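Thank you all for coming. I would like to take a few minutes to walk through one chain, so please have a look at the sequence and the model before I go on.

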Amino acid sequence: MTTLTAQPGLTTVADRAVGRIAGRAAMEVPDVLDCAVTARVTGGVATLDARVDLRYPAPVASTAARVRAHLVERVAALTGLRVSVVDVSVGVLRADTAPVRRVQ
């Protein structure tokens with residue numbers, strides 16, 4: 001977390017809070033099933049590291065690009081921070097339906 005001296009009218013947002021905001025924002029992107037985001041805030045600039053689980057058979061590259069763009073937009077809108085870097089890694093591709101069991 002970045003420590004700043006108190007100035008009138010200055011609001012600081014903790015790294016953890018930015019990470020949670022970004023994690024919720026990532027869940028707004030279609031085909032994202034789960035997300036964990038680590039954020040680092042320095043001054044008015046945030047860097048984000050997102051690990052997402054995607055619905056199978058989502059296109060990985062284009063979904064990661066949508067997540068990246070959405071996080072830049074939403075984190076800036078919700079926190080007032082400029083997002084300089086968003087690293088997106090895909091953890092798991094999961095089928096969103098339960099397997100069908102056969103009864104013998």
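Let me begin with a definition: a residue is called buried when its relative accessible area is under 20%, exposed when that value is over 50%, and partly exposed in between, with a 1.4 Å probe and only protein chains taken into account. What you see is a predicted model, in which local features need pLDDT of at least 70 and side-chain atom pairs count only at pLDDT 80 or more, while totals for chains, interfaces and linings use all residues. Residues are numbered from 1 along each chain as its sequence is written, and side-chain values use heavy atoms, with hydrogens and water left out.

Now the overall layout. The chain has two helices and three strands, arranged along the sequence as α-β-β-α-β; here helices (H or I, at least four residues) and strands (E, at least two) are DSSP runs, numbered from the N terminus. Of the 104 residues in the chain, 30% are buried. If we take contacts, meaning heavy atoms within 4.5 Å, between residues at least 6 apart in sequence, then 58% of them join residues at least 24 apart.

Let me turn to helix α1. This helix covers residues 15-26, which is twelve residues, and reaches 16 Å from its first C-alpha to its last, close to the 16 Å expected at 1.5 Å a residue, where the expected span is 1.5 Å times one less than the number of residues. Which residues of α1 are buried? They are D15, V18, G19, A22, G23, A25 and A26. Seen down the axis of α1, these buried residues fall within an arc of 160 degrees, so they line one face of the helix; the arc is that of the directions from the helix axis to the C-beta atoms. In general, an α-helix has 3.6 residues a turn, so residues three or four places apart point the same way. The buried residues of α1 pack against β1 (32-42), β2 (45-55) and α2 (60-79), whereas the face turned away from the buried side carries the exposed residues R16, R20 and R24.

Next come the charged pairs. Counting a salt bridge as a side-chain nitrogen of Lys or Arg within 4 Å of a carboxyl oxygen of Asp or Glu, the model has four salt bridges. One of them joins the side chains of D31 and R55, at 3.4 Å from N to O, and this pair links distant parts of the chain, since D31 is in the loop between α1 and β1 and R55 is in strand β2, 24 residues apart. D31 also meets R66 in a salt bridge, at 3.8 Å from N to O; R66 lies in helix α2, so this pair ties together parts that are 35 residues apart in sequence.

Is D53 buried or exposed? At 9% relative accessibility, D53 counts as buried, while R51, at 45%, counts as partly exposed.
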